[in-house]
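Thanks for making time this morning. I would like to walk you through one structure, starting with its charged pairs and then turning to its pockets.

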Amino acid sequence: MGIEIERKFLLAGDGWRTLGTATLLRQGYLCADPTRTVRVRIEGEQGVLTIKSKSEGASRGEWEYPIPLIEAAELLERLCERPLVEKTRRRIEHAGFTWEVDEFLGENAGLVVAEIELPSEDAVFDKPDWIGQEVTGEKRYYNSSLIKAPYSTWTDTPT
């Protein structure tokens, strides 16, 4: 079993926009239960099936498998819950870590978050100046929650 240790943040500025390379991601959920998720994703020209356990702090179990692109597309089209989560991702190297900045599209347009994967929950890392408020553990920011309550329906959107 793989363990994912991830912290999530809102952004505090646009300094990230000129960094990294943007890649379109389309993903959907076969299961979006609070105790486990099963996700299908197309990133560029690659399909991936991901299974994740319930989060405990910033950690959770994660299993990821490449799947044929055509099968990923069929699963997204035929079986995944709606709406699909679509976003542009930028991977940005900073002080020895990779930040993933996701700018959401469609029903989640306007939401932008940054995530960092860490080797341990207590790992020390340097935050770029465009990193703002931490939202790790706030369930409404989970991608699997955005299919049930898209950002466009929030009445108290972050600033």
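There are 17 salt bridges in this structure, which, please keep in mind, is a predicted model. Side chains of opposite charge can pair when their charged atoms come close.

Let me begin with Arg-60 and Glu-4, which form a salt bridge whose closest N and O atoms are 2.7 Å apart. Arg-60 belongs to strand β5, residues 59–67, while Glu-4 belongs to strand β1, residues 2–11, so this pair ties together parts that lie 56 residues apart in sequence. Are these two residues buried or exposed? Both Arg-60 and Glu-4 are buried.

Strand β1 also takes part in another pairing, in which Arg-7 of that strand is linked with Glu-134 of strand β9, residues 131–134, across 127 residues of the chain. The side chains of Arg-7 and Glu-134 meet in a salt bridge at 2.7 Å, N to O. Arg-7 is buried, because its relative accessible area is 18% and buried means under 20%. Glu-134, with a relative accessible area of 30%, is partly exposed.

The next pair is Arg-89 with Asp-102, again a salt bridge, with the closest N and O atoms 2.7 Å apart. Here Arg-89 sits in strand β6, residues 85–94, and Asp-102 in strand β7, residues 97–104, so the pair ties together parts 13 residues apart in sequence. Arg-89 counts as buried at 4% relative accessibility, and Asp-102 counts as buried at 0%.

The largest pocket has a volume of about 500 Å³. It is lined by 33 residues, and those closest to its centre are Glu-4, Glu-6, Lys-52, Arg-60 and Glu-115, so we meet again the salt-bridged pair Arg-60 and Glu-4. Two or more lining residues come from each of β1, β2, β3, β4, β5, β6 and β8. What classes of residue make up the lining of the largest pocket? There are 18 charged residues, 10 polar and 5 nonpolar.

The second largest pocket holds about 260 Å³ of space. Of the 17 residues that line this second pocket, Asp-33, Pro-34, Lys-139, Tyr-142 and Ser-144 lie nearest its centre, and the elements giving two or more residues to its lining are β2, β3 and β4. Its lining divides into 7 charged, 7 polar and 3 nonpolar residues.

Definitions and conventions. Residues are numbered from 1 along each chain as its sequence is written. This is a predicted model: local features need pLDDT of at least 70, side-chain atom pairs count only at pLDDT 80 or more; totals for chains, interfaces and linings use all residues. Side-chain values use heavy atoms; hydrogens and water are left out. A salt bridge is a side-chain nitrogen of Lys or Arg within 4 Å of a carboxyl oxygen of Asp or Glu. Helices (H or I, at least four residues) and strands (E, at least two) are DSSP runs, numbered from the N terminus. Buried means under 20% relative accessible area, exposed over 50%, partly exposed in between (1.4 Å probe, protein chains only). On a 1 Å grid over the protein atoms alone, a cavity is a set of points where a 1.4 Å probe fits but cannot get out, and a pocket is an open set with protein on both sides within 12 Å along at least five of seven lines; lining residues have an atom within 4 Å of a point. Grid points are joined across faces, edges and corners, and a volume is the space filled by probe spheres set on the points. Ala, Val, Leu, Ile, Met, Phe, Trp, Tyr, Cys and Pro count as nonpolar, Asp, Glu, Lys and Arg as charged, and the others, Gly among them, as polar.
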